[in-house]
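Colleague: Please put the model on the screen, and then we can go through it together.

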Amino acid sequence: MKIKTPALKENNYERYRLELMAWREITDIPKEKQGIAIGLSLPEETESSIREIIFDELSITQLKADEGLERLIAFLDEKLKKEVIADS
């Protein structure tokens, strides 16, 4: 079963994170590819350009590790939760 990666919409990080957790539970993508798959699925054409930030600050080795998705989620929490709080 092929499941699309969740889509990050501006100002809705909490919903995206919830959908990402659900996706992780049902995807057939091997753990060592999940971090890269999600990184590549993120939008490039946003104000924050989160995809560019991820690939500038996290290495492919970090993203392709078995815990790559968890590392990416922690990174997104750090970067995007701050923006959500600031927007509030």
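Colleague: Which residue forms a salt bridge with E70, and how far apart are the closest N and O atoms?

Modeller: E70 forms a salt bridge with R24, and the closest N and O atoms are 3.1 Å apart. The pair links distant parts of the chain, since E70 sits in helix 5 and R24 in helix 1, 46 residues apart. By salt bridge I mean a side-chain nitrogen of Lys or Arg within 4 Å of a carboxyl oxygen of Asp or Glu. Before we go on, note that this is a predicted model, in which local features need pLDDT of at least 70 and side-chain atom pairs count only at pLDDT 80 or more, while totals for chains, interfaces and linings use all residues. Residues are numbered from 1 along each chain as its sequence is written, and side-chain values use heavy atoms, with hydrogens and water left out.

Colleague: And which other residue is linked with R24 and E70 in a network of salt bridges?

Modeller: That is E25, so the network consists of R24, E25 and E70, linked by salt bridges. E25 pairs with R24, the closest N and O atoms being 4.0 Å apart.

Colleague: Is E25 buried or exposed?

Modeller: E25 counts as exposed, at 61% relative accessibility, whereas R24 is partly exposed at 25% and E70 is partly exposed at 33%. The classes are set by relative accessible area: buried is under 20%, exposed is over 50%, and partly exposed lies in between, with a 1.4 Å probe and protein chains only.

Colleague: How many salt bridges does the count come to?

Modeller: By this rule there are six. One of them joins R15 and E19, whose closest N and O atoms are 2.7 Å apart. These two residues are four apart in helix 1 (residues 13-26), which means they are separated by about one helical turn. R15 is partly exposed, with a relative accessible area of 48%, and E19 is likewise partly exposed, at 31%.

Colleague: Stepping back, how many helices and strands are there?

Modeller: The protein has five helices and zero strands, so along the sequence the pattern reads α-α-α-α-α. Helices (H or I, at least four residues) and strands (E, at least two) are DSSP runs, numbered from the N terminus.

Colleague: Changing topic, how many aromatic pairs does a search of the whole structure find?

Modeller: The search finds one. The ring centres of Y13 and Y16 are 6.4 Å apart and the planes meet at 40°, so the pair is tilted. The rule takes rings of Phe, Tyr and Trp (its six-membered ring) with centres within 6.5 Å, and calls planes under 30 degrees apart stacked, those over 60 edge-to-face and the rest tilted. Both tyrosines lie in helix 1, three residues apart, about one turn of the helix, and they are buried, Y13 with a relative accessible area of 4% and Y16 with 2%.

Colleague: What is L42 in contact with, once its neighbours within four places in sequence are left aside?

Modeller: L42 is in contact with L8, Y16, I50, R51, I54 and L76, where contact means heavy atoms within 4.5 Å. L42 is found in the loop between helix 2 (31-41) and helix 3, and it is buried, with a relative accessible area of 1%.

Colleague: Which residues of helix 3 are buried?

Modeller: In helix 3 (residues 50-57), the buried residues are I50, R51 and I54. They cover an arc of only 105° around the axis, which puts them on the same side of helix 3; the arc is taken from the directions from the helix axis to the C-beta atoms.

Colleague: And what share of the 88 residues is buried?

Modeller: Buried residues make up 32% of them. The protein exposes about 5,800 Å², of which carbon and sulfur atoms supply 50%; accessible areas come from the Shrake-Rupley method with a 1.4 Å probe, and for residues only the protein chains shown count as cover.
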